[in-house]
Amino acid sequence: MRFRTPMLVVVALVAFAANSLLNRAALVGTAIDPVTFTALRLVSGAAMLWLLVRWRDGRSSRPGSARGSWPSALALFAYALLFSLAYVSLTAATGALLLFGAVQVSMVAWSRYCGDRLAPRQWAGFGVALAGLVVLLLPGLAAPAPLPAAMMVGAGVAWAVYTLRARGAGDPIGVTAGNFLRASVPGMLVLALFSGMARLDAEGALLAVASGAIASGLGYVVWYAALRHIATGSAAVSQLAVPVLAAVGGMLLLGEVPTLRLVVCGAAVLGGIALVVWPGRGTRR
């Protein structure tokens with residue numbers, strides 16, 4: 001039991017990083033297109049989460065009994081679609097860093113807008129993280145392409161909206177299952193709209209299902225199980241490992257080589273966010 005919680009955290013973080021690797025591997029190494037990948041990811045995630053809810057609650061559980069809301073589902077759909085569209089061009093490491101940075105900066109900005117006070121250390125960290133993102137996106141030889149980078153930042157903002165709406169959910173697994181089920185609807189509608197450009201092969205479909213059912217569906221369940229035993233600040237700090245894991249996985253599995261600009265800006269973003277979310281005396285969490 002002593003090592004159960006750390007193991008759950010590690011498994012969840014690896015699953016989150018795996019989403020970047022699976023998306024990137026599918027979109028550059030197989031025939032699948034990003035819209036089809038998104039639809040399969042959402043549908044397979046919904047199926048896995050519904051099966052888990054059914055197993056947990058008994059045979060009486062039905063798809064329609066899942067919780068969630070349409071606004072949250074649309075935010076989830078926007079995140080998933082922009083995430084896949086961006087990974088057509090971005091490396092796994094760059095995409096994960098932009099996503100993670102956009103999520104955290106958006107949530108800190110919203111927290112400040114709602115009246116939460118930041119200590120000087122936190123303001124300094126927020127400024128460093130924001131500067132790191134800005135420098136990473138400045139034009140230059142090592143800068144990511146503007147449109148895919150903007151899409152990934154948009155995905156991060158959408159995920160922040162989804163996360164903020166999900167705070168305080170009494171049944172996080174049931175709520176997530178309901179949101180995935182609802183998000184599958186616009187996912188399939190967009191796929192039908194662009195059916196003439198849809199591309200699919202067995203390997204791409206397998207990677208999409210793995211992203212939805214395992215890295216997303218099971219990954220969220222493991223994360224929620226870990227959150228019961230760790231503090232909010234520790235959970236936020238632990239997520240700093242996700243872009244690092246994605247970068248390592250990109251190097252080992254996809255042959256990607258991070259640029260010096262990405263390493264320096266990534267260190268600024270992650271270090272700045274660590275200053276913001278790390279619990280300290282006299283600060284509000």
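This is a predicted model: local features need pLDDT of at least 70, side-chain atom pairs count only at pLDDT 80 or more; totals for chains, interfaces and linings use all residues.
Colleague: Happy with that! How many helices and strands does the chain have?
Modeller: Helices (H or I, at least four residues) and strands (E, at least two) are DSSP runs, numbered from the N terminus. Along the sequence the pattern reads α-α-α-α-α-α-α-α-α-α-α. The count is eleven helices and zero strands.

Colleague: What share of the residues is buried?
Modeller: Buried means under 20% relative accessible area, with exposed over 50% and partly exposed in between (1.4 Å probe, protein chains only). Of the 285 residues in the chain, the buried share is 49%.

Colleague: Why does S211 count as buried?
Modeller: S211 sits in helix α8, residues 202-227. S211 counts as buried because its relative accessibility is 0%.

Colleague: Which residues does S211 touch beyond four places in sequence?
Modeller: Contact here means heavy atoms within 4.5 Å. The C-alpha atom of S211 is 8.8 Å from that of S20, a residue 191 positions away along the chain. Leaving out residues up to four places away, S211 touches N19, L22, N23, F37, R41 and S216.

Colleague: Let's follow N23, then. Which residue has its backbone oxygen 2.9 Å from a polar atom of the N23 side chain?
Modeller: N23 belongs to helix α1, residues 4-29, and is buried, with a relative accessible area of 0%. Beyond four places in sequence, N23 touches F37, R41, F83, S84, Y87 and S211. The backbone oxygen in question belongs to N19.

Colleague: Which residues have the most contacts inside the largest nonpolar core?
Modeller: A nonpolar core is a set of buried Ala, Val, Leu, Ile, Met, Phe, Trp, Tyr and Cys residues joined through side-chain atoms within 4.5 Å. The largest one has 76 residues. Those with the most contacts inside it are L76, Y79 and M152.

Colleague: One last stop: which residues does D171 touch beyond four places in sequence?
Modeller: D171 is in the loop between α6 (146-166) and α7 (172-193), and at 14% relative accessibility it counts as buried. C-alpha to C-alpha, D171 and R67 are 8.3 Å apart, though 104 residues separate them in sequence. The residues touched by D171 are R56 and R67.

Technical notes: Residues are numbered from 1 along each chain as its sequence is written. Side-chain values use heavy atoms; hydrogens and water are left out. A polar contact is a pair of N or O atoms within 3.5 Å; within protein, one must be able to donate a hydrogen and the other to accept it, and residues adjacent in sequence count only if both atoms are side-chain atoms.
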